[in-house]
Amino acid sequence: MNLNRQKFRSPPLPISPTVASNVSVKTSMNPSLKMPKRSILKPTLTLAILIFLFSLYTFLNSFVFSKPLAVNNGIVNFGSASNGEYSGAEPQVPVKVYMYDLPRDFTYGVIESYNLARGGEKVKEDALLKYPGTQHSAEWHLFTSLLVRDHGRMGWSIFPVSDPDQADLFYVPFFSSLSLVVNPVNRPRSGDGPVYSDEKMQDALIEYLEQQEHWNRNNGWDHVFICQDPNALYKVVDKVKNGVLLVSDFGRLAHDQASLIKDVILPYSHRINTYQGDVGIQNRKTLLFFMGNRYRKEGGKIRDLLFQVLESENDVIIKHGTQSRESRRAASQGMHTSKFCLHPAGDTPSACRLFDAIVSLCIPVIVSDFIELPFEDAIDYRKIAIFIDSDTAIKQGALVKILRELSMENILEFQREIKKIKQYFEYEDPNGTVKEIWRQVSSKLPHIKLMINRDKRLVKRDLNGLLDCSCICSNQSIIPITL
């Protein structure tokens, strides 16, 4: 410590003129009585405080009050939403989307053909046609959403336009998944009309597009196609692969046809009723539930192995079942009364059963090593599902041991997180699935513009079988699994 440091005194008390005169005289007469030097600490301290306040203001204005990326309860929030319900990155200016006015055969005509093939009758007005209750109804919901012209007022990330010259993106509303199943499987066709051909419809779609100015202008990069069924558009996918593909997974797509960079993963429409109760385990007596086809191809072969290790376990219900009204009723009852719902891979990595579980508040147990999940920039799936690799899952007792070690509070926390994000998987919810799909599509626009500009300056080159560097492939789901 510096003992010679000058001490700072309090200001002197007021004195009379007479005393002041005497002090002045004494000071002048006695040179040793000098006034103390003025300290530089006060102005220095003041300057330091001003600099600190300015720095604090700059920091708060740049990082705290500028709607930063935040993670809250497993959902990524890019700024605050006006209604307090929606989270996600919404562009400041909605992306303009033009929907092609396709010939009726590609939309309402597909529904009509589906009904006629099952003994239905023709209707006088398209408004009377109802899209069948399949897990691929996303194509119907997206189609009808673009018939509404008030998305800007609703805070959506896209805005439908009727002038293609104003559009950023072009939506092709062919009901490709329904077209695939128009003709009933293993059942004679009803009616005397011509036999429907999905392959001919695919060829007709490409023929139509090749006559469109805006399709040819940018090599299809700014076009959006929905092909939710893994086999939809299978014949022409190489001709539309530049566009944004709306798919459920990459199970049937080659590595040069699809990736997370340019495409969007869609959820299937859930087939069972949404659970209306609250979180809790009092009415969920079953530990684990599964009902579905036991025997599948490709990666779905794991289902049979899971049946073998689980069917003898206590408080586990695992049943073979096919699509039917009775099966859906039984599945609804089972999911609503179980703590966990098994989601094994099928013919492809994803299935509607996952989304049935979510709307049932039944914690998904995912055994599908190559699954891709929808809206993963907005949802942390680790908070709503349990992931178990295939090798572990097929070991006797391993899967149920993991589930039984979870505490009641762990289960309740999973349920609470599921309840927060459940609206993402409700196609009928105005702030639900359709809105989120369009947000995902609109986020692809910068990449689309990059590829359009890149195409304009490239020369044709022979890659000798090598992948173009523009294909930043995240698709690994086509890797075969050996069980």
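Glu-413 has a relative accessibility of 35% and therefore counts as partly exposed, a class that lies between buried (under 20% relative accessible area) and exposed (over 50%), computed with a 1.4 Å probe on protein chains only. The structure is a predicted model, in which local features need pLDDT of at least 70 and side-chain atom pairs count only at pLDDT 80 or more, while totals for chains, interfaces and linings use all residues. Residues are numbered from 1 along each chain as its sequence is written, and side-chain values use heavy atoms, with hydrogens and water left out.

Helices here are DSSP runs of H or I with at least four residues, strands are runs of E with at least two, and both are numbered from the N terminus. Arg-416 also forms a salt bridge with Glu-409, with an N to O distance of 2.4 Å. Arg-416 is partly exposed at 30% relative accessibility, and Glu-409 is likewise partly exposed at 44%.

Elsewhere, Lys-241 and Asp-238 form a salt bridge whose closest N and O atoms are 3.7 Å apart. Lys-241, at 22% relative accessibility, counts as partly exposed, as does Asp-238 at 47%. A network of salt bridges links Arg-104, Glu-112 and Asp-126. Over the whole structure, the search finds 18 salt bridges.

Turning to the strands, an open sheet is built from six of them in the order β4-β3-β5-β6-β7-β8, with parallel pairing. The edges are taken by β4 (158-161) and β8 (264-265), each of which has a single partner strand, so one side of each is left without a neighbour in the sheet. Two strands pair if DSSP finds at least two bridges between them. Strands β5 (residues 169-172) and β6 (residues 223-226) are joined in the parallel sense by three bridges, and Phe-170 stands opposite His-223 in β6.

Helix α4 (residues 138-145) lies across β3 (95-99), β5, β6 and β7 (244-247), and runs at about 140° to β6. Contact here means heavy atoms within 4.5 Å. Axes are lines fitted to C-alpha atoms, for helices over the stretch in contact, and angles run from 0 to 180 degrees between N-to-C directions.

How values were computed:
A salt bridge is a side-chain nitrogen of Lys or Arg within 4 Å of a carboxyl oxygen of Asp or Glu.
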